[in-house]
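Have a go at each task before you read its solution.

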Amino acid sequence: MNKITILIHCKDRSGIIANITSFIAKKDGNIVYIDQHVDREQNIFFMRLESEFDSDEFSTESFKECFKRDLAEKFRMKWRIYSSEKKPKMALFISKYDHCLYDLLGRYNSGELNLEIPFIVSNHKDLEHIAHNFDIPFYHIPVTKDTKSEAEDQQSALLQEHQVDFIVLARYMQIVSEKIINQYPNKIINIHHSFLPAFVGAKPYHSAYKRGVKIIGATSHYVTEELDAGPIIEQDVTRVTHAHSISDLIAKGRDLEKIVLANAVKLHANRKVMVYNNKTVIFT
């Protein structure tokens, strides 16, 4: 059984869905999932579709060529087609915090994540033992102000060598420069706390505690050159009270970070996220 996922966006107009479903029917495909959304403000049509093909002669590359010729050019679509046979490769960038790393590797080890992890890279050696415990190659690439460019060249070489599809910053405490961002547009996922109201700086939980916040949260988003301002993939919040200590806030925040990042990784790996104008359309 051959299964493909199609992601499409284009200017909205009559007949798009009918043409796509008819095209798949003529290719003897069976649609097992279809969802669409129209952004009325921008007049943009979005669609995610999964289809199965029984024929042994089915070719994803041939299907792409026909799709481009018969549909994409006609409707001026931006489109991507993925085969279920190919799992996306995810590189993990880490520093010294281990909560997100342990969570992702636990889910990966149990088969919960539909992806491959070719390696883990870190600017410190502190968590190297975790990579070894999960039998994943670990690369230590120190980063300083003077060596940042050279370090990113090494990271880029690793990414290309292993044919990585996307990157997850699992509490990687370095700013990724445009050198890497431009190689992986909307393919670098970050996680950070998000308070209401927001607190910046080295000790946000301490500041939030002093202010008496009632809600803390976490946000996972794609990385852009503007710090922490990329398209948002997933968010969640939890309530806190005056009875919670700073350590309670930190513990709750880390729990949220693990869940939010894992959900963002799943959505991306399962081809359920579309980005348009610094916003995301998330298909469930």
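Before we start, one term: helices (H or I, at least four residues) and strands (E, at least two) are DSSP runs, numbered from the N terminus. Keep in mind, too, that this is a predicted model.

**Exercise 1. The second largest pocket**

Task: Find which strand gives the largest share of the lining of the second largest pocket, and describe that lining.

Solution: 
- Step 1. Begin with the volume, which is about 470 Å³ for the second largest pocket.
- Step 2. Look for the centre: 20 residues line this pocket, and R80, Y82, K187, H268 and R271 are the closest to its centre.
- Step 3. Now list the strands. At least two lining residues come from each of β1 (2–11), β4 (78–83) and β12 (273–276).
- Step 4. The largest share belongs to β4, with five residues.
- Step 5. Sort the lining by class, and you get nine nonpolar, four polar and seven charged residues.

**Exercise 2. The largest pocket**

Task: Work out which element supplies the largest share of the lining of the largest pocket.

Solution: 
- Step 1. The volume of the largest pocket is about 920 Å³.
- Step 2. Its lining is made of 34 residues, and those nearest the centre are R171, M173, H192, H193 and G201.
- Step 3. Three elements, β9 (188–193), α7 (204–211) and α8 (246–269), each give at least two residues to the lining.
- Step 4. Of the lining, β9 provides the largest share, four residues.
- Step 5. By class, the lining splits into 18 nonpolar, nine polar and seven charged residues.

**Exercise 3. An annotated residue**

Task: Locate D228 and decide whether it is buried, partly exposed or exposed.

Solution: 
- Step 1. Check the record: an unreviewed UniProt entry annotates D228 as "active site".
- Step 2. Find the place in the fold. D228 sits in the loop that runs between β10 (215–222) and β11 (232–239).
- Step 3. Read the relative accessible area of D228, which is 40%, so D228 is partly exposed.
- Step 4. Look at the surroundings: beyond its neighbours within four places in sequence, D228 contacts N190, H192 and H221.
- Step 5. With H221 there is also a polar contact of 3.5 Å between the two side chains.

**Exercise 4. The cavity and one of its lining residues**

Task: Say which residues line the largest cavity, then describe the setting of Q155.

Solution: 
- Step 1. Searching the whole structure turns up one cavity of 30 Å³ or more.
- Step 2. The largest cavity holds about 30 Å³ of space.
- Step 3. Its lining consists of V143, K148, A151, E152, Q155, Y172, I175 and V176.
- Step 4. In that lining, five residues are nonpolar, one is polar and two are charged.
- Step 5. Now pick Q155, which belongs to helix α5 (residues 148–161).
- Step 6. Q155 counts as buried because its relative accessibility is 4%.
- Step 7. Leaving out residues up to four places away in sequence, Q155 touches F93, I141, V143, Y172 and I180.

**Exercise 5. A residue in α2**

Task: Is F63 buried or exposed, and which residues does F63 touch?

Solution: 
- Step 1. F63 is part of helix α2 (residues 60–75).
- Step 2. Its relative accessible area is 3%, so F63 is buried.
- Step 3. Not counting residues up to four places away in sequence, F63 touches I4, I6, F23, I24, K27, F53, F58 and I81.
- Step 4. Finally, compare positions: F63 and I175 are 112 residues apart in sequence, and their C-alpha atoms are 40 Å apart in space.

Notes
Residues numbered from 1 in each chain as written. Predicted model: local features only at pLDDT ≥ 70, side-chain atom pairs only at ≥ 80, totals over all residues. Heavy atoms only, no water. Buried < 20%, exposed > 50% of the residue type's maximum accessible area, 1.4 Å probe, protein only. Contact = heavy atoms within 4.5 Å. 1 Å grid on protein atoms, 1.4 Å probe; cavity = no way out; pocket = protein on both sides within 12 Å on 5 of 7 lines; lining within 4 Å. Points joined across faces, edges and corners; volume = space filled by probe spheres on them. Nonpolar A, V, L, I, M, F, W, Y, C, P; charged D, E, K, R; others polar. UniProt positions renumbered as here; feature names shortened; annotations may be inferred. Polar contact = N/O pair within 3.5 Å; in protein donor to acceptor, adjacent residues only side chain to side chain.
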